[in-house]
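Please read the following with the sequence and the model side by side.

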Amino acid sequence: MLKYTVKRILLLIPTLFLVCLIVFMLLRFIPGDAVDAIVTRMTQAGQTVDADAVRAKLGMDKPAIQQFFIWMGQILRGDLGDSFFQYRSVQSIVNKQIPVSLELGIISLVLSNVISIPLGLYCAAHQDSISDYVIRVIAVIFMSVPMFWIATLVLFYPAHWWGYAPPVKFVSFFENPIKNMQMFLVPGILGALAQAGMQLRLVRTQVLDTLRQDYVRTAYAKGVKQKRVLHHHAFRNAMIPVITIIGGSVGALVGGNVILENIFNIPGIGSQIVTALGQRDYPVVEGCVLVMSVFVMIVNLIVDLCYKWIDPRVKFD
Amino acid sequence: MGDEVRLEENEARNPFFSNMDTIMNVEHLKMYFPVTKGLMKREVASVKAVDDVSFQIKRGQTLGIVGESGSGKSTIGNCLIHRIQPTSGKIVFEGTDLNDINNKTKRLMRRTVQMITQDPFASLDPRFTIEDCISEGLKIHHLISGKKEIHEKVCEMLEMVGLNPEVASRYPHEFSGGQRQRISIARSLALQPSFIVCDEIVSALDVSIQAQIVMLMMKLQRELGLTYVFIGHDLSVVRYISHNVAVLYLGKIMEFTSSDELYSHPLHPYTKALISAAPIPNPTVDRARERILLKGEIPSPINPPKGCNFCTRCPYADERCRQEEPPYKEVAAGHWVACHKVS
Amino acid sequence: MKFWKDLFKKKTLGGICLIILLFFVFVAIFADVLAPTKLVGHMLPMDVRNRLVAPFTSAAHPLGTDQLGMDLLSYMIYGARTSVILCVCCTVLSTLVSLVIGVLSAVIGGWFDLIVQRIVDAFGCIPQMLLLLLMMSLMGNGIPQMIIALSVPSGIGGSRMVRSAAISVKDSGYCDNSDLLGGSVLWKCVKHVVPNIMPLIIISAAGSLGGVVLMEASMNFLGYGVAPGTPSWGALITGEGRDMLFTAPWLCIIPGIAIALLTFTSSMFGDAVRDILDPRLRGGVGSYNSKKLDKVVKMLKEKEDEFEEDMGDIA
């Protein structure tokens with residue numbers, strides 16, 4: 001177990017290096033760079049600046065590969081660099097914005113599980129009944145509706161009809177839980193819906209799959225009631241692949257809610273990246289993507305280690 | 001006719017083609033699989049799957065290899081067809097040392113040397129028709145081209161193994177184990193090999209079907225002059241088809257002799273135990289005979305016992321057997337034994 | 001053949017969805033014929049006299065017009081073309097990418113596999129949306145760029161599934177046997193591995209069909225997408241649709257419904273394909289629940305009663 005964990009962590013090192021390389025290289029080949037943007041802005045402010053001097057100051061006069069290793073060296077020292085535009089370090093931006101995204105992600109994650117797992121079990125227990133069909137079709141509808149579209153409608157029409165709008169300014173949960181929830185609940189639900197639809201269908205197929213096994217037939221033959229069979233035999237075995245999917249969705253929920261953060265004006269890491277990308281603020285984009293990728297890696301690792309706990313058959317080799 | 005000519009042309013270029021009496025000569029064959037540990041793949045021990053084995057195979061004859069599971073018999077089979085590179089030792093096939101061949105000659109060798117495997121349910125691609133299965137080798141080696149010619153060849157092969165040629169367009173799942181094994185045999189024969197390794201080909205089949213397949217193999221040997229290495233764990237089946245039998249235990253040959261001699265005059269205690277374990281149809285004889293029951297399991301090949309490999313389970317073992325490895329010696333003409341108790 | 005029969009007989013909903021999908025494809029192919037107003041260059045012509053006509057009020061503009069008097073029905077038809085092109089190309093390209101990476105990684109194995117898997121892992125760790133944003137800002141807007149950005153990362157992600165399936169085929173007896181017959185790596189890939197994982201490939205391709213349209217629309221929202229001016233449902237929602245949510249709600253609602261419909265039908269079709277092709281999920285054989293067992297018990301009891309009656313008659 002310990003050996004396996006160590007091995008997995010060691011394998012993360014090349015992966016992490018590749019993530020850095022991919023992100024760095026993708027960014028450096030993007031047309032138009034930060035220097036132009038800075039020069040334009042400063043000229044507008046009435047200052048005269050030399051583009052080459054700015055370039056040299058930002059360390060961007062060196063070849064890309066050299067810049068990459070300088071950046072890697074910084075990261076190994078635990079320094080994510082400084083923003084080009086925001087006069088603060090990337091570390092402080094990440095520290096401030098990760099909890100916000102995390103809160104939204106956790107709300108979505110909890111909601112989607114609360115919705116999908118009981119309904120999935122219900123559908124599997126009543127396979128091919130009318131309610132099964134209806135729930136499944138609704139699940140697919142949730143998956144098909146463009147999130148930004150429904151979010152736009154949900155945000156603007158209530159405001160238009162009843163004059164209600166969620167708070168625009170971000171308040172921390174510990175300062176004012178009610179106001180915080182007013183802001184996060186609606187996007188949290190919207191983020192959960194598509195995920196819930198997908199998970200529900202997965203839970204249903206997995207439970208149906210285990211219901212087909214011989215030990216379930218034996219349980220019925222022994223006279224075990226359906227409820228007990230579902231809970232004791234089908235559910236635990238069906239959860240193994242479901243956990244993989246939940247683990248995979250953590251990354252998407254925490255990092256991928258760029259759209260919801262944008263629409264509901266939530267100052268999370270996703271909207272920060274979009275802004276920084278528009279400004280060509282490389283250190284911010286690189287730092288944020290890197291932190292999020294590390295987060296996803298750690299979640300994946302935990303999910304893999306959890307297998308041992310759920311599934312006694314799993315051997316680590 | 002044109003195809004026949006082409007086949008012969010191919011034959012002429014094939015280095016694995018001779019008229020020597022001894023088709024294969026195996027000398028001091030060793031196959032150790034490393035056991036690794038830790039992240040750095042440190043080698044901590046080795047599985048001695050095959051440990052210093054030597055024998056000869058005569059053209060047109062069958063060598064039987066018997067042994068328990070884990071005795072290294074399949075590993076020998078894989079070494080003989082050069083599917084795995086042995087740790088040391090020399091295998092000379094048709095005058096060519098298999099240590100010297102490169103990838104190109106290895107592919108050529110695949111035509112001359114074939115292997116039929118144990119599980120007839122796994123060895124046929126479920127998406128191939130029987131015709132596709134049998135003609136796969138022909139297509140790989142570009143031996144025959146043209147749909148019609150291939151179909152004719154496939155029908156010929158099917159008839160040879162006792163199946164109706166009309167089954168060519170059907171799929172493997174429609175057939176029973178015995179029929180599938182016949183198809184596997186036809187697939188191997190399509191390449192016109194001279195040497196076939198049969199790796200437990202009847203173990204997965206019913207007893208009545210086993211007899212049919214063994215008879216078929218013997219018929220094909222007579223007609224085509226094939227040489228077999230017949231690997232199995234059932235001594236009575238192996239004895240029936242083989243001219244010579246090697247009894248394998250923990251990667252070493254315990255006894256090697258002709259199959260009649262082995263049955264009438266078994267010398268090694270292990271062979272005696274194997275023969276006495278085989279059921280005899282006549283209950284009177286069965287009850288009267290002396291039984292040698294082996295206790296325990298075959299030891300791990302990672303850590304074989306000191307001295308004679310068999311000493312942990314041998315009823316006659318003494319101090320010498322536990323200390324000193326018995327030499328593999330010829331006690332009578334063509335009868336080799338590795339045991340201190342036999343002189 | 002059996003597939004189509006099953007699709008329409010057993011999975012009627014899937015069959016209906018296929019017909020709707022084919023309708024979308026038909027509209028996309030014959031967009032130039034079907035649209036009431038034709039494209040001029042890359043843009044639809046304006047009609048300033050008929051600005052902001054509501055839907056279903058004018059025979060000339062059945063779905064209404066936008067603030068420049070552009071006919072919405074024509075825009076939707078040309079938008080369908082964009083969506084269908086993206087859908088088809090992305091699905092094909094991403095399937096190809098995952099097939100090539102997955103199969104080669106599985107069959108070659110060893111160091112190659114180890115290195116390729118690290119790269120696949122690295123791509124898997126970067127949240128998909130961010131990767132898309134990075135790629136789109138690298139390549140700029142436009143349909144071909146969209147296709148690459150939407151299909152390459154998802155193809156790389158999908159290669160894991162292909163790889164594990166290909167490994168199980170590679171380890172099977174028939175692949176070993178192909179080796180014994182002298183077959184090369186390429187022969188094994190083409191003749192054994194690919195045909196045997198084909199159902200899985202089709203299932204995953206059919207399943208990913210719907211996501212493409214959704215992704216394209218979302219990208220448009222963030223300002224990355226097709227070239228400006230190209231008719232696209234997503235662009236309409238995020239552009240005029242959002243700006244005129246209260247004065248002309250149809251500009252937001254109609255394309256939204258179209259996106260949802262296309263995604264919905266393709267997901268349902270994908271589901272039907274999976275149900276038919278995946279033998280594990282094929283109904284009928286297994287699947288025990290107490291209701292079914294009760295039925296069996298009842299049936300057996302009836303049989304028993306009949307049997308006893310028969311025995312009574314004989315006696």
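**A covered helix, an interface and an exposed residue**

Helix 6 of chain B is mostly covered, with 10 of its 13 residues buried (20 or more other C-beta atoms within 10 Å of a residue's own, C-beta atoms being placed from the backbone; 12 or fewer is exposed, and in between is partly exposed). Helices (H or I, at least four residues) and strands (E, at least two) are DSSP runs, numbered from the N terminus. This is a predicted model: local features need pLDDT of at least 70, side-chain atom pairs count only at pLDDT 80 or more, and totals for chains, interfaces and linings use all residues. Residues are numbered from 1 along each chain as its sequence is written, while chains are lettered from A and ligands numbered from 1 in the order in which they are written.

Helix 6 spans residues 177–189 of chain B and reaches 18 Å from its first C-alpha to its last, close to the 18 Å expected at 1.5 Å a residue (1.5 Å times one less than the number of residues). Its buried residues include Arg180(B), Ile183(B) and Leu189(B). In chain B, the buried part of helix 6 packs against strands 6 (113–116) and 7 (195–199), and against helices 4 (130–140), 5 (147–160) and 7 (207–224).

Between chains A and C, 47 residues of chain A are in contact with 41 residues of chain C (C-beta atoms within 7 Å). On the chain A side, helix 1 (residues 2–28) gives the most, with eight residues.

Ala53(A) lies in helix 3 (residues 51–58) of chain A. Ala53(A) is exposed because it has 12 other C-beta atoms within 10 Å.

Note on methods. Two residues are in contact if their C-beta atoms, placed from the backbone, lie within 7 Å.
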